[in-house]
Every structure is written in C-alpha cells, then in structure tokens.
Amino acid sequence: MVNFLQYIFFYTVFSLPLTLSYRTTKVINFVHANFITYGAYTAVFLHGVLGNSSIVIAAFLAFVIVGGMAVLDNLLVFTQLQKRGSSPAMVMISSMGLWIAYRYLLYVLTDIMHFYTSKNFVSYGRITYSDIPSISLAEFNLSQAFIASMVATILVVSSLYLILEKTRMGRAMRAISDNATLAEISGIPRNLVINLTWFLCGGITAVGGVLWTSFSGAITPEAGDSMILQVFTIGFIGGLASLLRTSIGAIIIAFMENIGIAFLNTYLGVPVSFRPFLTFIALLTTLILFPPLGAGGGLPYRFRKRGLSQ
Amino acid sequence: MIGFDIVGFIISWLTLFGIYAILSLTLNMESGVSGVTNFGKVVFYGIGAYISATLTTYLILMLNGVDIVENPPYNINGVILLGELGSKNPVLNIGLFILSVFLSFIVAGFVGYLLSYPILRVGPEFVGFTLLSTGELLRIFLLHFEPVGASKGLMAIPNPLGWIPDSRVRETLYLIVILAFLALTYTVMKRLLNSPLGRTLKSVRDDETAALCMGKHVPKIKALVLFIGSGFTGVAGTLLSYYFTSVNPNMFVPSVTFNAWAMIILGGMGNLTGSLLGAALITLVDRLLTFITPLLGITVISPDYVRWIIIGLLIVVVLIVNPRGILPEKPIKTPALQQVEEELKK
C-alpha cells in the first residue's frame, strides 16, 4: 500500500512534465527518459564524487542542469528542425537519436568517473540523505523516499497549478498549447515561452530522478529507460493534453502495477517481473477503446459493423 | 597491421550488411514510403530469430531421439548434445532452415498485422512509441521465459551448412545464401514500390485524409505493409540466429531499431538504393571499429558506447543538415512517366 502511494508520487512527477511539454511544443520527447536518468545521476555523482548528502542541493542542481539540457535540445535540434518545416515524425525521430546519444554518453561518463574514483556507478546503491526528517506515524515508519517524494509531489503539483492558472507566463503557455499561431499574433513571445516550458519540464523530471535515488536499490544508467513505458502510457491516458487526466492515469497505472500484480501473483501465479505487461495491456486498451482520437495527426477512424454505416 | 584478416573481415562485413540491409529495406518500405513510424523493428527481428532457434534446437534433439524433457536445449547437456548431433545430417539441417524461414515469415508478419490494429487511429508519435514498448516487452518476456533459455538464451543452434568441414567455405556459402535473400527482398520491395500499391502508400504518407477521400482503405493498406515488412524482418532474424548460432534477449535491444533508422535516414528516406548504401556504410564503420579497437588498446572508454553516440548524433545531424539523405527520393517509374520522358526527349 505504501509502495502504491510511492509510485503514484513518482509517476505524477515524471509524467506531468511530459504532457506539459507535448501540449505546448508538440514535440514527443523521448529524451524524457534521459531527463529522469540525468537527474538521478546528478545526485549520484554529487554523492559519490563530492560527498554531498543534501537532497535539496541535489534537487536544485539537477533542476538547473537538466533544465539547461532540455533548453539546449530545443535550441539546437527541435527548433532547427521545425524551422526547416520537418514533419512531427521527423522531430520525433531526432529526439530518438538524441535519446540514444545521451544514454550512451552517460555510460561513458560513468566509466570515466569509475576510472577516477573506482566506485561502481553503473549500479549505485540507495542514497541516504541527511536533510530528510524521519517520521513515525503510530506503527508506520515512513521511509525517507516516501516523505521526500510526497513533499516534492505536492510542491510540483501546487506550483504547476499556480504557474499555469495565476501568472502571465502560465496563461501564455496555455495560449500556445491551444493555438500557437494565434498566440504569437497576440504578442506572446513564443520562443521564450517554449524555452521556459522546456526548462520547467526538464527540471521537474530531473527532480523526480533525484527522488528516485532515495528509493531505488540500484540506480543504473537505464533507470529512466525502464520507466518510459509507464510514463508514456500515463501520458496517453491523459491524451497528452490534460494534466488532470494525466494524474488520474498515474493513479491507475500505479494501482495496476502494485496491487494488480500482487493480486495476480497470489491467485494465478503470474511472476512479478511480468509487471510491464499489465501496463502494456493498459496502453493497448487506451489505444483501442479510448484513443486520443486524431492525436498527433492520426485519423479518427471508427470501426463499425458493416450494416450500421449503410 | 599484424593479424588483420582481410578476407575474414570482408566476409563478416558482407554478412552483417546482408542482414541489416534486409532490415533497412523493409523499414524504408514501412516508414520512408508509407509513413508508419516503426520503432519496433526489433520485435519482428527477435521473433524471427527466436522462432528459428527454438524450432531448430528442439526438433534436432527430438528427431535424434533425445528426451527433451530431461535434456532441454537450454541446459548444458542439451548444448553438448546439440554440438554432437547438430552437423550430422545435411538434409535435416537444410530442411529445418527452410522450414524456419517460412515459419518466421508467417509468424512475424502475423504479429505485425495484429499490431497494426491498435495504432491505426493515432499519429506517428503514438505508433512509434507503441511499437517501441512492444520491443521492450518482448525482451522482458524472453528474459523470464524458461523454455527459450531465459536470460542465457539458446546456444549451439546448428547452422544449415554446418556439415561443411572447412569454416571459410562454409562462411562464404552462408554469405551467398544471405545475399540471395537480400536480393529477393530488394526485388520484392522494388516491385511493390513501383506498383500501384507503392503509389498508394506514398499518398497515405503524404496525406492520409486525401488518400481516404480517394477511396483507399488506409487501415487495410497499413496492415498489409506491416505484414510484408515484418515478414521479411522475421527472415532477417532467422538468418541472424543461424549466423551467430546463438540467441539471447540482450541481442534484441531497441538500439537495433535505431541502427536501421540511422541507415535509412543516412541513405535517404523513400529510396531503396539509399537504404542499401546506408546499411553498407554503417555496417562497415561498425565492423571497422570492432576490428581496429583491439589494436588501439583504449580501455577507459568502451568503443561500443562511442559507436552508439555516433549513431544517435548521426540521425540528428543528417536530419538537420540534409533531411533527404545521400540519395533523395525519386519519382516512381510508371509506364506513363516513361512515355512522357521519351516524348520530351524527341
């Protein structure tokens, strides 16, 4: 049950930025997986190389570094491609290329760090942070990860709400996601807003990655990649448009992955490692039954029985 | 350079080229020509490889009267027995090869056909992601499924030409087999591309709504393309499993798909000759790196990682600098077009 709540927090933090970035910039971003991993590895390198044990410092640095990375991606790749008039599919393929480059760049970095410190960075243990209080409620001992991710999720959700609903910047972001051209005509500095969105999205995802280091027993350079199925499925449940539906998606997937698989394991003997299959079934169900119709340029076909259409 | 085996290098390069060229040709047909962003090439590749591996190892043991309940091919006894029995009967080996090529075409194609259903109504982003995650799921399934060897995979798969004693002759003959399959794939794809179906596919890629309004049944066409493309990819998987004589789940990571993508982007989307060129270039670099690295003696940075970084950046750079690739797409040669050209020459 605690795990269930824990995963809700993680999935919310990971998938809200995905939805936000897609609906504002119309780029489906596979580098999102790298944002998670790079966030986690900022914390890992800070801990392993510099001996930092404060989650606040780690989260702040990860926010800045990965946010900057996201903005750079946008400036150097996505904007260039969109300027040339490439189709969304091409932009997606380029994000795929970036994904693979970043992923193996991290492997190279871990190798270099291993060379200097002779610590094993390819599978790094859980980090215990010094600035998280441990709280005991009645008989429950709440773990550090639980407290940290709860606080962070509440912070992220409330600040996103405040930014989007109460500030000029948020209004500009929503305007661009509704209709970019119209927004630009009415005087919104489109490129600036898109860059800020990228910074925010990268940063929030990276904070999620930092939280992951306080929870996962073995942090690997593929941490983000193994999460990508869940995160994108949650985004699809939200239609990559609605932040509220994305949060509901996070709850559904967290429920299926923790309570659903435990149920199947007890009664049908399905091994726990087949957990992603449940998510995949959820993905297919979403695509077949409640497809985000016409999303990303697809056609809203309806399959009917022959007699009905005539 | 001491110990640089030039003939062996060329054979291994051409073999790899043949297998990857089949992948890139079919991927070009699916993605470059008909606009299905297939990020799950590795699914069909893996299915083909695993079907032939499982079929061959189990059948060889069974037909030689070994009790496969006691000595399944994935444990150590099975592997030893396979090594002994694997190359005794040429007819059996070749028969199994043909059977598994056939079966993997059908099964991989059928899986492709099924997978086309959930992805019809959404755009390329969702299609790409769904197929990508299918690939990861296949890998997770294979990692935990005992009868196909779980994480160890299957070893000592008897090569169809394993009965030839001289290894160089055997490799050359197998290379010819692979190139024959490549030629077959190329011919089929070329014919498809220059047929009315090929033009319909291009119209689906360029404007789905328009194609639908012209009375083309877009869902059926996409399913058909995925069936054919995936079928040939399955055959490529079969060829791979016999070439390496072993399969394990970590051979089928998503990176394989991106390798094929890099080839078609480099060579030119929508141009079949371009994908051959792209496959040749990238496999050449790949082989050269593998052959040269031991001579350089760098230990801090693994060349494997550097290769993938290069591939990733290559995709991005080519898309930004020259999105049409080395050989840009050409108009389809139809009799009408040829007639017009001849008239213009006069």
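This is a predicted model: local features need pLDDT of at least 70, side-chain atom pairs count only at pLDDT 80 or more; totals for chains, interfaces and linings use all residues.
## Overall fold

Chain A contains 12 helices and two strands, and from the N terminus these elements follow the order α-α-α-α-β-β-α-α-α-α-α-α-α-α. The radius of gyration of chain A is 20 Å, close to the 19 Å that the globule rule gives for 310 residues, so the chain is as compact as a globular protein of that length.

Taken along the principal axes, the C-alpha atoms of chain A fill a box of roughly 65 × 50 × 40 Å. Of the 310 residues in the chain, 47% are buried, and among contacts with a separation of 6 or more, 75% are between residues 24 or more positions apart.

## Helix 1

Helix 1 of chain A covers residues 2-25, and because its 24 residues should span 34 Å at 1.5 Å a residue, the 35 Å between its end C-alpha atoms agrees with that expectation. This helix is mostly covered, with 19 of its 24 residues buried, and just after it A:Lys26 adopts a positive phi of about 60 degrees.

## Helix 2 against helix 4

In chain A, the axes of helix 2 (residues 32-49) and helix 4 (residues 88-117) come within 11 Å and cross at roughly 10 degrees; with angles under 35 degrees counted as roughly parallel, helix 2 of chain A is therefore roughly parallel to helix 4 of chain A.

Helix 2 contributes residues including A:Tyr38, A:Tyr41 and A:Phe45 to this contact, while those from helix 4 include A:Trp99, A:Arg103 and A:Leu106. The residues of the contact divide into nine nonpolar, four polar and one charged.

Conventions
Residues are numbered from 1 along each chain as its sequence is written. Chains are lettered from A and ligands numbered from 1 in the order in which they are written. Helices (H or I, at least four residues) and strands (E, at least two) are DSSP runs, numbered from the N terminus. The expected span of a helix is 1.5 Å times one less than its number of residues. A residue is buried if 20 or more other C-beta atoms lie within 10 Å of its own, exposed if 12 or fewer, and partly exposed in between; C-beta atoms are placed from the backbone. The radius of gyration is taken over C-alpha atoms; the globule rule is 2.2 Å times the number of residues to the power 0.38. Two residues are in contact if their C-beta atoms, placed from the backbone, lie within 7 Å. Axes are lines fitted to C-alpha atoms, for helices over the stretch in contact, and angles run from 0 to 180 degrees between N-to-C directions. Angles under 35 degrees count as roughly parallel, over 145 as roughly antiparallel, 65 to 115 as roughly perpendicular and the rest as oblique. Ala, Val, Leu, Ile, Met, Phe, Trp, Tyr, Cys and Pro count as nonpolar, Asp, Glu, Lys and Arg as charged, and the others, Gly among them, as polar.
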